[in-house]
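Morning, everyone. I have one chain to walk you through, so let me put it on the screen.

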Amino acid sequence: MFQALGKLAAAIHGPEAAQSLMRLAMADAKGESRSAWRGGAIRETIELHAEIGEVDVAIELARKMRSPAGQRITLAPLLARQERWGELHEVLAGAATALEASDLCYAVKFVWAPAR
């Protein structure tokens with residue numbers, strides 16, 4: 001609910017107006033009792049930060065994620081969007097398996113940072 005309100009507030013009044021709602025959305029996501037859903041809820045909130053124009057905030061939040069794999073899959077497209085190639089290289093180099101590396105490349109290319 002806080003995510004939807006934050007997106008609406010950002011659309012009407014700008015990202016500054018949505019900051020308190022976005023903090024509540026992140027707190028709600030982190031408080032998710034089902035651990036299998038918690039990572040997805042946090043990622044969705046981070047994606048929303050990027051969507052409303054707060055990409056640097058989204059990058060900082062992604063860096064704070066507990067799961068290394070979740071951190072990489074969330075952070076890679078954000079870094080690509082901001083054209084931070086050196087940092088993106090470090091994230092991609094951290095992939096633990098070939099499957100994770102391919103998932104990261106897919107996320108960069110097709111999910112958040114489609115080709116121009």
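Start with one crossing: α4 and α5 cross in a left-handed way. Left-handed here means the near helix is turned anticlockwise from the far one by less than a right angle; clockwise would be right-handed. Helices are DSSP runs of H or I with at least four residues, strands are E runs of at least two, and both are numbered from the N terminus.

Ground rules. This is a predicted model, with local features requiring pLDDT of at least 70, side-chain atom pairs counting only at pLDDT 80 or more, and totals for chains, interfaces and linings using all residues. Residues are numbered from 1 along each chain as its sequence is written, and side-chain values use heavy atoms, leaving out hydrogens and water.

Now the overview. The chain has 7 helices and 0 strands. It has 116 residues, and 36% of them are buried. Buried is under 20% relative accessible area, exposed is over 50%, and partly exposed is in between, with a 1.4 Å probe and protein chains only. Take the contacts with a separation of 6 or more: 43% of those join residues 24 or more positions apart. Contact means heavy atoms within 4.5 Å.

Back to the first pair. Helix α4 covers residues 55-63 and helix α5 covers residues 68-81. Their axes are 9 Å apart, at an angle of about 155 degrees. Therefore α4 is roughly antiparallel to α5. The cut-offs: under 35 degrees is roughly parallel, over 145 roughly antiparallel, 65 to 115 roughly perpendicular, the rest oblique. Axes are lines fitted to C-alpha atoms, for helices over the stretch in contact, and angles run from 0 to 180 degrees between N-to-C directions.

Who makes the contact? On the α4 side, Val55, Ala58, Ile59, Ala62 and Arg63. On the α5 side, Gln71, Thr74, Leu75, Leu78, Leu79 and Arg81. By class, that contact has 7 nonpolar, 2 polar and 2 charged residues. Nonpolar is Ala, Val, Leu, Ile, Met, Phe, Trp, Tyr, Cys and Pro; charged is Asp, Glu, Lys and Arg; the others, Gly among them, are polar.

Which residues of α4 are buried? Val55, Ala58, Ile59, Leu61 and Ala62. They span an arc of only 165 degrees around the axis, so they sit on the same side of α4. The arc is taken from the directions from the helix axis to the C-beta atoms.

Zoom in on Ala58. Its relative accessibility is 0%, so Ala58 is buried. Beyond four places in sequence, Ala58 touches Ile46, His49, Ala50 and Leu78. Its C-alpha lies 9.1 Å from that of Thr74, 16 residues apart along the chain.

From α5 come Arg72, Leu75, Ala76, Leu79 and Ala80; from α6, Trp85, Glu87, Leu88 and Val91. The classes are 7 nonpolar, no polar and 2 charged.

Between α5 and α6 there is a loop, and Glu83 lies in it. Glu83 has a positive phi of about 60 degrees, though it is not a glycine. Most residues other than glycine have a negative phi. At 39% relative accessible area, Glu83 is partly exposed.

Last stop, Glu100, in helix α7, residues 98-111. Buried or exposed? Buried, because its relative accessibility is 12%. Leaving out neighbours within four places, Glu100 contacts Ala69, Arg72 and Ala95.
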